[in-house]
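My entries follow in the order in which I made them.

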Amino acid sequence: MINFNGNIAQEDTILTQNRAFLYGDGIFETVKIINGKILFLEDHYFRLMASMRVVRMMIPMDFTMEYFEEQILNLVKEQGIASSARARITVFRNDGGLYLPKTNDISFLINATPIESVSYIINSNEYEVDLYKDFYVTKQLLSSLKTTNKMINVTGSIYAHENDLANCILLNDSKNVVEALQGNIFMLTGKKLITPPVSEGALNGIMRKQILAIAKKIEGIEVLEEIISPFDLQKADELFLTNVIMGIQPITKYRKKEFTTNLAHLLVQKLNESIAEN
């Protein structure tokens, strides 16, 4: 079941002319719905609008935040999963043209699946990562957008699977740390909590924004957006990843170094408290 341009249906779309399929000419947002509410709704909506402007997609006049919210919630309610779900809205330029599109008008597709946990919880299982060095993220604005061109994430995920890793860390063309395959990365060294700036090619993550705001309110923690080198990772006390669906995922091992998870647990607690208050 999908929501295609506002109509809930159970039909497949034809892909032979679809520009997202042919050229990666699409962007997307993945949201978490809890008790019939989209978490961080404004952040998701405004990031989507900003991304559409960057790639020169025409934003329909009726594509308001209320419309965005309504279309997602209509689908999860129809599926009976509004209490706890994840939904993805993919926006793509309409059919026509080769590299040069015939139109900048857009269509959208929403699909949703249930998730188990209502609150964010820490996954306490072993979570080992390593660097992925076959390909690099470029330091440019497009790298900070959630586009449908995610080949580095796909090939990196295959590499992680083949090497029994839970995830991989991506580097940019300056060989600095950017993010992980499925989320932004944070590093705690002493009392400094550091995450790479978006200018390094990092995704402008919604959960990244929430964690930065929450961490700045914790006494004794200095929050910084700074360049992280691969060598810095082995000197860290704690490493963790963030995205909207999982919340925070502690990294327990990078190469031979093992890490604590104390700050990650504290941040998840404060994150859940913040959501409950809003």
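**Notebook: contacts, burial and helix packing**

I began with Thr147, which touches Gly26, Ile27, Phe28 and Leu142 when residues up to four places away in sequence are not counted, contact meaning heavy atoms within 4.5 Å. Thr147 lies in the loop between β7 (128–137) and α4 (151–162), where helices (H or I, at least four residues) and strands (E, at least two) are DSSP runs numbered from the N terminus. I found Thr147 buried, with a relative accessible area of 14%; buried means under 20%, exposed over 50% and partly exposed in between, with a 1.4 Å probe and protein chains only.

I noted the basis of these entries: this is a predicted model, in which local features need pLDDT of at least 70 and side-chain atom pairs count only at pLDDT 80 or more, while totals for chains, interfaces and linings use all residues. Residues are numbered from 1 along each chain as its sequence is written, and side-chain values use heavy atoms, with hydrogens and water left out.

Next I looked up Ser229, in the loop between β12 (222–225) and α6 (230–233). Ser229 is buried, at a relative accessible area of 17%, and, leaving aside neighbours within four places in sequence, is in contact with Asn176 and Val177.

I then turned to His44, which is found in helix α2 and is buried, with a relative accessible area of 0%. Leaving aside neighbours within four places in sequence, His44 is in contact with Glu29, Thr30, Val31, Leu39, Phe68, Ile206 and Val244. His44 and Met65 are 21 residues apart in sequence and 9.4 Å apart in space, C-alpha to C-alpha.

Helix α3 (residues 65–79) has 15 residues and spans 22 Å from its first C-alpha to its last, close to the expected 21 Å, which is 1.5 Å times one less than the number of residues. After α3 comes Gly80, with a positive phi near 75°.

How do α2 and α5 pack, and at what angle? Helix α2 (residues 41–54) and helix α5 (residues 206–215) pack at about 130°, with their axes 10 Å apart; axes are lines fitted to C-alpha atoms, for helices over the stretch in contact, and angles run from 0 to 180 degrees between N-to-C directions. I recorded the contact as made by Asp43, His44 and Arg47 of α2 and Ile206, Lys209 and Gln210 of α5.
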